[in-house]
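Hi,

Here is the structure I promised to pass on. Have a look at it first, then read my notes below.

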Amino acid sequence: MDVCVIRVSHCEKEIFCFSVPEECPSCGEQLRGSRLQEAPVSLPSPLTNGHKTSCCLLVAPAQDNTHREFDGMSDLHTGVSNTAGVVYNYTQGGVVRDQSGWESCVSVPLVRPDMFPLLAQWDRYLDQFSDGPMWDPAWHRFDEEHHNCFTFCLGFINSVLAAEGRSSVSRDTFTHSFILPKMRRVTKYTTLYRHIQRHQYYMVDRQKDTQQDTAAKPDIF
Ligand SMILES: [Zn+2]
C-alpha cells in the first residue's frame, strides 16, 4: 500500500481514488483541470514504521512482513518498541531485538509523551523483562497458544503497571480497547485500497457531518 488514497468531493458524492479522475464518475462533469470546490484530502495510512515509534505495542503480519500485507487473516506478530525504535519480540528462539522488519505495522502508543519518569526507565524495564527466565528457551518453551509473542507484550505491560503501583490489565480488555479498534481501521483501509486498485475509485454519498474516527483511546500509561 504505497500509494496515497485521496478523497475528492463532488456533487454530493465522495470519491476515493489514487488521483483525481478525468471526470466525475457520478455526474460526468470534467474534474481534472477544473477548480474543485474543495481541495482533495489525503487519507493517512493506518500503518506506521515501527522503528520510528517509541514505547509502542506493534502488530505486524507474522512472516516476512515487508512483503505481505494485512488481509485480516494472516497470523499476527506483536512486539514492543523501546525509545529508539528497536522492537523487542518473543519468538521460538527467545526475545529478539529487531532493528528492521517492522516497517509496516499497526502501532498502539503505550506511554503519554509527557510521562518523563517512565520514559526514562522504559528501556531498562524492557531489557530487564526480556532477560527474564520466562523468555529463555532453556527454561520455558514458546507455545503458539499459551506462551507466545502477545504473552510477552502483555506481561511486559503488566510488569510496568505493577512497577508503577497500578493494577494489571487483562488480555481481553487490552485487546478490545487498544488493539481491535486500530485493526478495524486497517481492515477498512485495506478494503478501500483494494477496491480502488481494481475499479479506479470508490464512491459514496457525501455525509452531512463527516464522521470523525472515534477519538483515540488514552494511552495505557
Ligand atoms: Zn459530480
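The largest nonpolar core has 31 residues, and Leu57, Leu58, Cys105, Phe152, Cys153 and Phe156 touch the most other members. By nonpolar core I mean a set of buried Ala, Val, Leu, Ile, Met, Phe, Trp, Tyr and Cys residues joined through C-beta atoms within 7 Å. Who supplies this core? β4, β6, β8, α1 (116-130), α2 (149-163) and α3 each give at least two residues, and α2 gives the most, with seven. In soluble globular proteins, nonpolar side chains tend to be buried together.

Before you go further: this is a predicted model, where local features need pLDDT of at least 70, side-chain atom pairs count only at pLDDT 80 or more, and totals for chains, interfaces and linings use all residues. Residues are numbered from 1 along each chain as its sequence is written.

A residue is buried if 20 or more other C-beta atoms lie within 10 Å of its own, exposed if 12 or fewer, and partly exposed in between, with C-beta atoms placed from the backbone. Two residues are in contact if those C-beta atoms lie within 7 Å. Helices (H or I, at least four residues) and strands (E, at least two) are DSSP runs, numbered from the N terminus.

Now the whole chain. The protein chain has three helices and nine strands, and from the N terminus on they run β-β-β-β-β-β-β-β-α-α-α-β. Of its 221 residues, 22% are buried. Among contacts with a separation of 6 or more, 66% are between residues 24 or more positions apart.

Next, the sheet. Five strands make an open, antiparallel sheet in the order β7-β6-β5-β4-β8; two strands pair if DSSP finds at least two bridges between them. β7 (94-98) and β8 (106-109) stand at the edges with a single partner strand each, so one side of each has no neighbour in the sheet. Neighbouring strands are turned by 30 degrees against each other on average, direction ignored. For these angles, axes are lines fitted to C-alpha atoms (for helices, over the stretch in contact), and values run from 0 to 180 degrees between N-to-C directions.

Look at β5 (residues 76-81) and β6 (residues 87-91): they run antiparallel and are joined by two bridges. Val80 has Tyr88 in β6 as its bridge partner. Helix α3 (residues 171-199) packs on the sheet, touching β4 (56-61) and β8, and its direction makes about 145 degrees with that of β8.

Back to Cys153 for a moment: what does it contact, leaving aside its neighbours within four places in sequence? Cys153 is in contact with Leu57, Thr78, Gly79 and Val80.

Two residues have a positive phi without being glycine. Glu12, in the loop between β1 and β2 (13-17), has phi near 60 degrees; Glu12 is exposed, with 10 other C-beta atoms within 10 Å. Gln200 sits in the loop between α3 and β9 (201-205), and its phi is about 70 degrees; Gln200 is partly exposed, with 13 such atoms within 10 Å.

Finally, the start of the chain. Met1 lies in the segment before β1 (5-10), and its C-alpha atom is 9.7 Å from that of Tyr189, 188 residues away along the chain.

Cheers
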